[in-house]
Structure formats: C-alpha cells, structure tokens
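Try each task before reading its solution.

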Number of protein chains: 2
Amino acid sequence: MEHIQPKKDSVTVTDVAREAGVAKATAARVLGGYGIVSDRIRTKVLAAAEKLDYRPNELARSMTTGRSGTIGVIVGDIENPFFSSAVRGITDAARASGFTVILMNSSEDVEAEKSAIKTLMAKRVDGLIVTPAQASEYLHLEEVRRTGRPIVLLDRAVPELNVDSVTTDDRDAACAATRLLIDNGHRALAFVTACDTPDHRFQSLQDIHTSSVKERIQGFFDACRATDIQDPERLIQVGALGASRTRALARELLSTSAHPSAILASDSMIALEIFKVARELALRIPEDLSLITFHDADWTSVTAPPLTVIDQPVYKLGETVTKLLLERLGGLVSDPRRVILPTSIIERQSVYQREL
Amino acid sequence: MEHIQPKKDSVTVTDVAREAGVAKATAARVLGGYGIVSDRIRTKVLAAAEKLDYRPNELARSMTTGRSGTIGVIVGDIENPFFSSAVRGITDAARASGFTVILMNSSEDVEAEKSAIKTLMAKRVDGLIVTPAQASEYLHLEEVRRTGRPIVLLDRAVPELNVDSVTTDDRDAACAATRLLIDNGHRALAFVTACDTPDHRFQSLQDIHTSSVKERIQGFFDACRATDIQDPERLIQVGALGASRTRALARELLSTSAHPSAILASDSMIALEIFKVARELALRIPEDLSLITFHDADWTSVTAPPLTVIDQPVYKLGETVTKLLLERLGGLVSDPRRVILPTSIIERQSVYQREL
DNA sequence: GTTCTTATTGAGACCGGTCTCTTTTGCAAT
DNA sequence: ATTGCAAAAGAGACCGGTCTCAATAAGAAC
C-alpha cells in the first residue's frame with residue numbers, strides 16, 4: 001500500500017530565492033529567463049532551483065503576462081480522419097512555436113460550440129481555431145473577435161465574419177467531380193452531405209449553413225447546369241450525420257430501383273457507409289453505383305474498387321490555419337485573409353463509364 | 001480596413017463589485033458560485049456583471065484553487081484512428097465532468113513525451129493520461145506520480161509503475177488470432193509491429209519496450225508454442241512506424257517467394273500498408289496472404305476481402321481511462337487499478353483456409 | 001427594549017509569477 | 001580619493017480570482 005503524499009506544496013520562486021540567498025525578483029529573473037542577471041547569481045539560483053526541484057507555474061506566469069501559450073481548437077469530430085489529420089497539422093505547427101492545444105469537439109452542434117468557446121475564453125487561450133458548425137450563427141465568433149483574441153476559421157468560411165480563414169476550393173472541386181461523373185455518362189446523380197435541415201430535406205441553398213457544403217453544392221449545381229440535368233436541387237441529400245443516420249439515408253436512397261447511378265459524398269465517413277450499404281444491397285461499384293468522395297482518407301485506395309477521390313490537403317490545412325493564427329498572435333494587423341488551398345481529383349476506379 | 005481595438009482590459013470581479021456597490025468578496029461569491037449570498041445582492045451583482053459583460057478568468061481562479069480543470073493527454077499520434085477514437089472517448093468523458101483536454105502527440109518518441117509532460121506539469125493540469133512510448137523509460141512518469149498529480153496509462157501498462165492503467169487483453173487477443181491462423185493451416189507466420197529496436201530486428205522480448213506489443217508477441221508465441229512452429233522469434237517484424245517505413249518493411253517481407261502466408265498486424269495503419277503492398281505485388285488476399293489486424297478500424301469491413309480483425313473497444317478505452325482519472329481527481333486513494341478490457345475477433349474474409 | 005444567534009457582507013491576505021522603480025554595486029575616468 | 005554611470009540586485013505592487021476571519025445586520029428569545 002502506498003503512503004499518502006504529504007502534499008508538499010510546490011516550490012516557488014520565493015523558495016528558490018531564499019535558498020539562493022537573493023531577492024525574489026532576482027530569482028524570478030533567472031528562472032523566468034528575462035531581465036539582466038550576473039553569471040554568478042545565475043548559477044547560484046539555478047543550483048538552488050535544481051536542489052529544490054523547482055517547477056515553474058505556467059498558470060501564474062500566464063496571469064501576469066496575459067498570454068497562456070495555448071490555442072483552443074474546436075472541430076466537429078476528432079474521430080473523423082479529416083479532422084484528426086488537420087488537428088495533427090495544428091498541433092505540430094503549434095508546438096513548433098511553443099504553443100499547446102486545447103481540443104474540443106462540437107459534434108457539429110452550435111450550442112456545444114458556444115459552450116466550448118465560452119470555456120476556452122475563460123481559460124484565456126491566446127487564440128482560437130474553429131470549424132464553425134453553422135455559418136449562419138456567428139455572433140459568438142464575432143464576439144470573440146471583438147475581445148481582440150485572434151480567431152481563425154478552418155475548412156469553413158463565414159463571409160460576414162472579418163477573420164482569417166483557410167479552406168479548400170470546394171466549389172471547383174465539387175464541380176470538377178460532378179463533371180467527371182457527367183462526362184462518364186451519369187445523369188442520375190446525388191450529393192450526400194452531413195449537413196442537415198430542420199425537415200431533413202433540401203429545398204434551397206438557403207437551408208445550408210455550412211459554408212464548405214454550400215460551396216460544394218454550388219459546384220455540383222454548376223456542373224449540372226452545364227448539362228441537361230433538371231432541378232438539381234432534388235439530388236441533394238442532407239442529414240448524413242453519424243454512421244447510423246448515414247446508413248439509413250443510404251439505404252433509403254439506394255433501395256429503389258431508380259436509385260442514383262453515381263454519388264458524390266461530402267466526406268469519407270459518408271462514403272464509407274454508402275460503400276457498406278451498397279455491398280449489403282449487392283450493388284456493384286462502380287457498375288451499379290459510381291462513387292466519388294471528398295477527402296483522400298488513407299483507406300480509400302484499398303477498397304475494391306479503390307475510390308476516386310477529391311484529394312484535400314488536410315494536414316496542410318491545419319498547418320496553414322495555425323500559421324495564420326500565429327502571425328496574428330505575433331501582432332499582425334491586416335484585413336482578413338481568406339486562404340483557399342487547391343485540391344485535385346485522384347482518379348481510381350469507382351467511376352463507371354456508361355455508354356449513352 | 002478594421003479599426004484597431006482599444007484593447008479594453010477585461011472586466012474583473014472588482015469592476016462588477018464597484019458597479020453593483022458591494023464588496024469585491026461579495027461579488028466574487030456570486031460570480032464564483034460559492035459561499036452564501038442573499039437573493040437581493042445576487043440579482044444586483046448578476047445585473048452588474050451582465051451590464052459590464054463580465055467573463056470569468058479561469059486562470060486566476062485556477063491559481064488560487066490549485067485546480068485547472070484541465071487534463072493532459074499524450075498519445076502517439078492523433079492521426080492513428082486508434083488514438084483519435086480513444087481521444088474522442090476521453091474528451092467526451094472529460095467534458096461530461098467539466099474538464100477540458102490538452103492534447104499532445106509524442107510521435108512515439110520518449111524525449112517528446114518527456115517534454116510534453118514537462119509542459120503539461122507547468123500548465124498545472126489536474127491529471128494526465130499517457131500512452132507511454134517506452135515502458136522501460138518511466139522515470140519521468142514516476143516523477144509525475146510523486147508530485148501527487150494523478151496519472152493514468154492508456155493502452156499500455158508499465159508494471160513497475162504504481163498507477164492505474166486501462167489496456168486490452170493483448171496477449172489473449174494475439175494468441176487467439178494467431179491460433180486462428182494456425183488452425184487454418186498457416187505456419188509461415190509474421191507479426192508486424194511499429195515498435196522498434198536499435199538494429200531494427202527482433203532478438204528477444206527484452207528488446208520490446210511497449211508493453212502492449214510485448215503482450216501481443218507473447219500471445220503470438222503462446223500460440224506458436226502450442227503447435228510445431230520453431231523459433232517464433234524470427235517471425236517478429238519490428239519498425240513499422242509511419243507509412244513509408246511500413247511499406248518498405250512490407251515490401252521486403254513479401255517480395256521473396258518464401259514470404260509468410262499469414263500476417264498479424266499490430267495496428268490498422270500497418271495492415272493498411274501491408275494491404276497496399278500486397279496489391280502492388282499482385283498477391284491475392286487471402287489466397288496468397290492471410291491478414292489479421294488489431295483494431296477494427298471502420299474501413300476494414302469494406303476492403304476486398306473484408307479484414308478479419310481483433311475488435312478493441314477503443315472509444316471505451318478512452319472513456320474508462322478518463323473515468324479512472326476522474327475518480328483519482330475526486331480523491332480516491334487505493335492501490336493502482338489495472339483494468340483490462342476484453343476484445344473479440346471479428347471473422348471476415350482475410351484468412352485463407354489452407355489444406356494441409 | 002435588550003441580548004444572543006445566526007445569516008450576510010466586508011476587509012484584506014494570498015496564490016506564484018512579472019514588472020516597474022529604487023537602491024546598491026562595480027569600475028573607469030577625473 | 002572623488003565622481004559619474006551603467007549594470008545588477010532588491011522592494012514591493014499587481015494580475016484576478018479565492019478564502020479566512022472579522023464586522024454588521026437581521027431575527028429570535030427573553
């Protein structure tokens with residue numbers, strides 16, 4: 001059985017100062033690495049610190065300096081490989097500059113996002129990186145901006161909000177992917193997204209409050225409009241949030257004999273479920289169903305057939321957004337920058353060439 | 001162009017107190033939600049706080065209370081779906097109890113781990129969750145324990161360390177999986193792990209410093225010993241860390257005509273690379289190569305053929321480890337608890353039945 | 001009306017650093 | 001020796017909360 005620790009209070013600069021026989025301020029100078037100290041005193045203080053096993057209290061430091069050395073990150077769901085990759089990019093870049101990351105999941109819920117922001121602000125993070133759950137609700141983000149704390153948007157822009165953002169060329173990408181489908185003879189298309197509407201069906205772009213998805217749908221429409229596809233609105237499927245709901249949606253979508261011949265999935269988790277459902281329904285990919293998905297998740301190349309994907313530079317997305325934030329933390333003042341990273345289509349074998 | 005904010009200092013309890021016409025201590029009581037205050041005063045203070053848009057400074061609060069409401073999490077790599085799932089479990093459980101999570105990646109490097117721990121300690125996290133990169137180097141962990149800060153181990157135990165840990169039944173799982181391979185007629189086996197040794201080859205169990213992997217190898221040996229397989233040590237492949245090194249290793253392993261007929265992969269990222277290489281080498285799975293992997297990553301069911309896997313309760317792993325930590329934070333004193341979560345094998349179609 | 005409790009409120013120290021300002025020290029120039 | 005000055009060390013306030021303890025106010029009991 002372990003002996004209960006006497007909870008010896010951690011040793012402070014004052015203790016070190018006493019041990020070294022110098023003033024608190026002096027000890028603080030060497031321990032904190034600021035101000036001017038003679039070498040003689042420095043070694044003396046360092047020795048005392050060593051002897052006492054001094055550990056700085058970053059909290060106390062933060063309180064006086066006003067900077068916590070921490071950035072808050074809010075993503076939809078860290079289990080989504082898209083986000084885990086981006087977060088890796090963020091943490092790597094942050095650590096390279098001496099910052100640590102507090103991670104929070106919003107589960108794509110605005111209320112959770114607000115709560116997360118409140119917590120993060122209370123913890124006095126130096127800056128925020130957010131993938132806004134709803135572009136239409138941005139007052140809480142606006143408020144952050146007003147406090148003077150830098151906030152940078154990841155993957156989703158909010159036009160009304162004057163802050164930096166890093167996104168990918170969603171509209172072009174979606175358009176190109178859709179065109180690829182069309183060029184291969186597909187007309188019965190579908191675009192499936194996790195984004196939802198109150199009644200779980202899509203009427204117009206107004207219903208969509210996630211900017212990246214909005215862009216993608218526009219790209220989808222662009223491609224549709226360039227050909228003979230009527231009312232592309234009916235081709236949009238919303239509400240594929242979470243595995244089970246996505247399965248249900250996919251099952252409904254694919255169960256009829258008039259199911260789409262080609263689907264564009266808004267993220268790899270959706271594509272995965274569609275893939276599974278197609279298999280359950282004995283639909284062959286690509287012969288019975290073509291599939292393209294956003295995000296070159298690393299497993300997409302090992303399915304049978306391997307998936308044609310829109311390759312988004314996800315890690316770089318995280319890296320870049322952090323770089324922008326760090327620049328702001330460094331004092332940069334400028335108009336908001338909207339960085340758009342290019343994507344490319346990796347053609348594999350999930351698109352079937354139909355004869356017309 | 002935006003106008004530069006006058007950087008108005010945040011409003012403090014003192015400001016609110018003044019506005020409400022009460023003492024600082026009184027305002028603090030209602031704002032901090034502690035002590036006894038009359039309703040009359042409470043509403044008055046709340047009104048003042050509202051008017052001034054008061055935001056609590058969690059940093060200051062932490063400094064006096066000594067608790068930061070934060071737990072530090074160090075994993076090998078958040079991009080590994082194993083960890084992202086576990087981290088999701090952790091963050092969910094943490095938030096449910098009002099804690100936030102600071103996330104750090106060790107990249108399986110002990111020095112990075114040490115540095116992360118130092119940072120986390122300085123930030124005065126209330127507790128730590130760590131997947132130790134090396135079970136042999138645990139002095140820095142031991143030191144954390146001595147400071148009285150709870151630390152809990154995730155996925156990997158360190159026998160010498162008297163702290164709670166949550167792992168899976170690695171040895172049994174590996175044994176069962178290996179036996180499955182053997183029972184299907186395989187004798188030319190291989191176990192591939194990310195764990196590495198100085199000379200990149202495996203001599204004995206002493207070389208392995210990751211407890212979970214050690215367990216798995218033992219389980220592998222257990223199964224081998226129960227049959228006629230000699231010198232199972234030669235079947236262990238180490239150093240599959242990162243996609244490129246894993247590819248190289250897999251390529252070398254599978255290029256000879258005497259390649260293993262069955263592989264047990266220590267994590268899904270390894271399995272993925274092996275899968276890719278097998279395809280490049282035109283090896284059919286499972287006819288030419290059987291494959292079982294640890295971790296039922298969600299894509300493993302959509303490959304062709306779908307993979308037989310060891311299903312680890314990863315999310316629950318994260319949830320449980322957090323639960324243990326929170327109990328410690330709540331003051332629980334007891335001998336270290338070593339929770340071992342059961343796994344199960346999901347038989348799909350990547351194991352070929354050989355006739356003997 | 002007076003006294004005793006008890007429920008509230010007020011005052012001020014404290015947490016562990018940083019930072020400004022003052023005092024002391026060291027050393028070259030006069 | 002004196003004086004001058006920059007460098008180094010010391011003193012103490014401060015950051016924004018919490019917390020202890022004393023002071024006051026409000027009821028209850030006599």
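UniProt positions are given in the numbering used here, feature names are shortened, and annotations may be inferred rather than shown by experiment. The model is predicted, with local features needing pLDDT of at least 70. Residues are numbered from 1 along each chain as its sequence is written.

**Exercise 1.** Which residues of helix α1 of chain A are buried, and how do they fall around the axis of α1(A)?

*Solution.* 
Step 1. Find the region: UniProt, in an unreviewed entry, places "domain: HTH lacI-type" at residues 11-65 of chain A.
Step 2. Pick out the buried residues (under 20% relative accessible area, 1.4 Å probe, protein chains only). In α1 (residues 13-20) of chain A they are V13(A), V16(A), A17(A) and A20(A).
Step 3. Look down the axis: the buried residues of α1(A) fall within an arc of 100 degrees, taken from the directions from the helix axis to the C-beta atoms, so they line one face.
Step 4. Ask what covers them: the cover includes α2 (24-32) and α3 (39-52) of chain A.

**Exercise 2.** At what angle do α1 and α3 of chain B pack?

*Solution.* 
Step 1. Helix α1 (residues 13-20) and helix α3 (residues 39-52) of chain B pack at about 120 degrees, with axes 8 Å apart.
Step 2. Angles under 35 degrees count as roughly parallel, over 145 as roughly antiparallel, 65 to 115 as roughly perpendicular and the rest as oblique. Therefore α1(B) is oblique to α3(B).
Step 3. Contact (heavy atoms within 4.5 Å) involves residues including V16(B) of α1(B) and V45(B) of α3(B).

How values were computed
Chains lettered and ligands numbered in written order. Predicted model: local features only at pLDDT ≥ 70, side-chain atom pairs only at ≥ 80, totals over all residues. Heavy atoms only, no water. Buried < 20%, exposed > 50% of the residue type's maximum accessible area, 1.4 Å probe, protein only. Helix = DSSP H or I, 4+ residues; strand = E, 2+ residues; numbered from the N terminus. Axes fitted to C-alpha atoms, helices over the stretch in contact; angles between N-to-C directions.
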